[in-house]
Amino acid sequence: MSKASTRSTSTGKSSVGSRSFQRRRETKQTRLSQRRATRRRALVRTGATIDLRDLLLRVPVAAWMCALVALLNGAAWSIITPPFQGRDEPAHFAYVQQLAETGTLPHESVEHQGFSPEETRVLEGLHQEEIKLSPEIPAISSTAEQRTLDQDVNENLSALGSGEAGVATAEPPLYYALETVPYALGAGNILTQLELMRLTGALLAAITTLLVFFFLREILPRAPWACTIATACIAIQPLFGFMSGTLNPDNMLYTVSAAVFLCLARAFRRELSIRLAILTGVLIAAGFITKLNFIGLAAGVFLGLGLLGVREVRSRGRNAARAPAIAAGIGASPVALYLVVNSLSNHPALGSVVSDLSTLTNKGAFHEISYIWQLYLPRLPGMTHYFAGIGTFRDIWFDRFVGLYGWLDTEFPNWVDNLALIPAIAVAALCFKTLVVSRHALRERLGELVTYASMSIGVLVMVGVASYASHNANGVGAFDDPRYLLPMLPLLGAVLVLAARGAGRWASTTAAAILIIFFAHDIFSQLQVIARYYG
Amino acid sequence: MTEHLSDAGGGKAPDQRRLRSIGPARVTLALGAVLTIAAVALTLTGSPLRVVSVGAKSQQTLGSTTTDTTLCQSGESLPGGLSGIRLGLEGPVGPPVLLRAFSQGRVITEGSRAPNWTDSSVTIPVKPLQHSVKPVKLCFYVNANSELLKLYGVHTTAQEAARGKSGQVLPGRFSVEYLAPSNESWWSRAFSVARHMGVGHAITGTWVALLVAVIVAAAASLILSLAWKELP
């Protein structure tokens, strides 16, 4: 949003001179937009398509700035976090290495020989196993350790492992396929490869931020400046920054999810054209082959497409159902293909998902629902106590969202978590106030809201199902991590915009305060990680 | 006419306009940025905690529990300047821990840690101790949750081993390390931290820390200038 148009929204008591100055700027701005619109209409009339360059030129400078901030933040986190100290990074690296070196997907190995000799040696040189989960042990620091690491890196050991990729083995390949590009660019030095792969994550974070910007402008067009500030907050949200600075398929999941949110917002607020339907379908398909957690989001997406279909049929007849059907068809194609391939090769139709399902069905649906409920909400009477002594919402989701970095081993002192409750409650209350005040407008957008809510619930349930499977298999369930909820980042942005609007005449001051809190949170998170690994 | 007068007001008018445009939002932004920088500077005047002595340290498992537990071990020696005690406990969602140190039946220091720590050890801040004290009986109480809690330590004879509340003997002494603030502040350790950051990465050298600082500063100035422009 331009400075001039921003000013036009303010209601300050400005002088006559300043008002006329504003009027002139606004007129100039309107003329400029009219000229742009005429040019666009001319392009459409002549049948010319709006090319990518034109599309990129239409992206506001504010959006580019937010994206650049996300990129820089991710890059800083990628350097601060020692190699292979991101969540499950060795496993994700092994997946990319397997894909790049052999062109095949990882698989469970009977011998359990682990990662490639090259990766194993470098992990030893970095003391990766000793450092992870042990906050008292810093990253390597001596010249001798660096010399050993240099030798390990330059030893030219085999990059071929047993074909296993640890916890990443069962994940779909799209993100890892993308990461083979930086892997190839950094060939010859495993640490360079990892750094380039991490920077790819930072790039994905920049794209995610751009998509969040457009999503917010689409759903909350009345306060464009607040959308920009909220996007800026997302760009510097420290958990998002930390994840984007590590090698993890979650980074692509965040991007795909943000894109799906944007497509649905456009479809609900404008119309689901065939072009948008194809794009939505492709994104859903991409989500399925990015990370299994997308299944949770997909349930809500398909519900949204169904609601759009009903709306379109009611207003424009049966033919209008074509677009949602196209989106759903393209989106479901990877799942259908997976089922067919498994059936033809005499494997269980649902593949590795079957093992998860079998652990779920052992104790019955009630236990599973009870577990998932308690993972987020207080236990109800009659439910088995799965999290005795743990306030799951506070201890697992809130406190860990406030700060849990590295390999789940770098956190803030408890007083920081307690302090963070104050702005969090204030933001929630202001957002709630706006929702109550705008309840009539919400009723008109019920279908869209139901879609976003079911997408969110789908993600929560999916995380809960995986946690329950882990609880049944290993007796450990509370390793849950708020990063799994970051596919809902666009909704966090919306909450921030609504909170700012809820402050009434103090909206802009509140937005500034929220931004400063996010900024300080990011800076102190980075310092905390630096102190843990290098202090 | 007024427009003419306003725009032709010499050097003062644009300044006044600029001043008027600095509303409460921009003041909040500027003040917030300054406060953040001040808070960082103040935080860095603190000193990192360092291990000054070790009671016992090993990753051998002594036992595990999912119930409330009290364990004590005698013959500990607490160093002067002590302000934190690290215990060898591991849990996916660490439970609340209360720790007390006794000398001649008197509590000489104590501390507690709220739940939700996640590591293979837990550091409990305690009331600072001015002088070293020994022998000390160290006890901790764990208000267990549903997650399995592991206790690490060193296997010893039954005589030296830690004991439970009802007198049951553990197979050894639990891991314990004593921490005190180092003599240097984070500021005075800045170069050492920067040198450390330059080890073990794809790019090496002390300048890596400078690179991070430049990137963070660039991101910070971008975001603040964006907010400055956008806030009404």
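Analyst: R87(A) is buried, at a relative accessible area of 3%, where buried means under 20% relative accessible area, exposed over 50% and partly exposed in between (1.4 Å probe, protein chains only). D481(A) is buried as well, at 1% relative accessibility. The two side chains meet in a salt bridge, 2.6 Å from N to O; the term means a side-chain nitrogen of Lys or Arg within 4 Å of a carboxyl oxygen of Asp or Glu. D481(A) lies in the loop between α22 (446-474) and α23 (489-502) of chain A, and R87(A) in the loop between α4 (61-80) and α5 (89-102), so the pair ties together parts that are 394 residues apart in sequence. Helices here are DSSP runs of H or I with at least four residues, numbered from the N terminus.

This is a predicted model, in which local features need pLDDT of at least 70, side-chain atom pairs count only at pLDDT 80 or more, and totals for chains, interfaces and linings use all residues. Residues are numbered from 1 along each chain as its sequence is written, chains are lettered from A and ligands numbered from 1 in the order in which they are written, and side-chain values use heavy atoms, with hydrogens and water left out.

Another pair in chain A is E155(A) with R121(A), whose closest N and O atoms are 2.5 Å apart. E155(A) lies in the loop between α8 (143-153) and α9 (174-185) and R121(A) in helix α6 (residues 117-125), so this pair links parts 34 residues apart in sequence. E155(A) is partly exposed, with a relative accessible area of 37%, and R121(A) is partly exposed at 29%.

E312(A) and R311(A) also form a salt bridge, at 3.1 Å from N to O. E312(A) counts as buried at 4% relative accessibility, whereas R311(A) is partly exposed at 29%. Salt bridges that share partners join R87(A), D88(A), D250(A), K291(A), D481(A) and R483(A) into one network.

Over all chains the count comes to 23 salt bridges. One salt bridge is found across the interface of chain B and chain A. E411(A) pairs with R113(B), with the closest N and O atoms 3.4 Å apart. The contact between the chains takes 84 residues from chain A and 65 residues from chain B, contact meaning heavy atoms within 4.5 Å. About 6,100 Å² is buried between the two chains, 67% of it on carbon and sulfur atoms; buried area is the accessible area (1.4 Å probe) that two parts lose on being put together, summed over both.

Key:
Helices (H or I, at least four residues) and strands (E, at least two) are DSSP runs, numbered from the N terminus.
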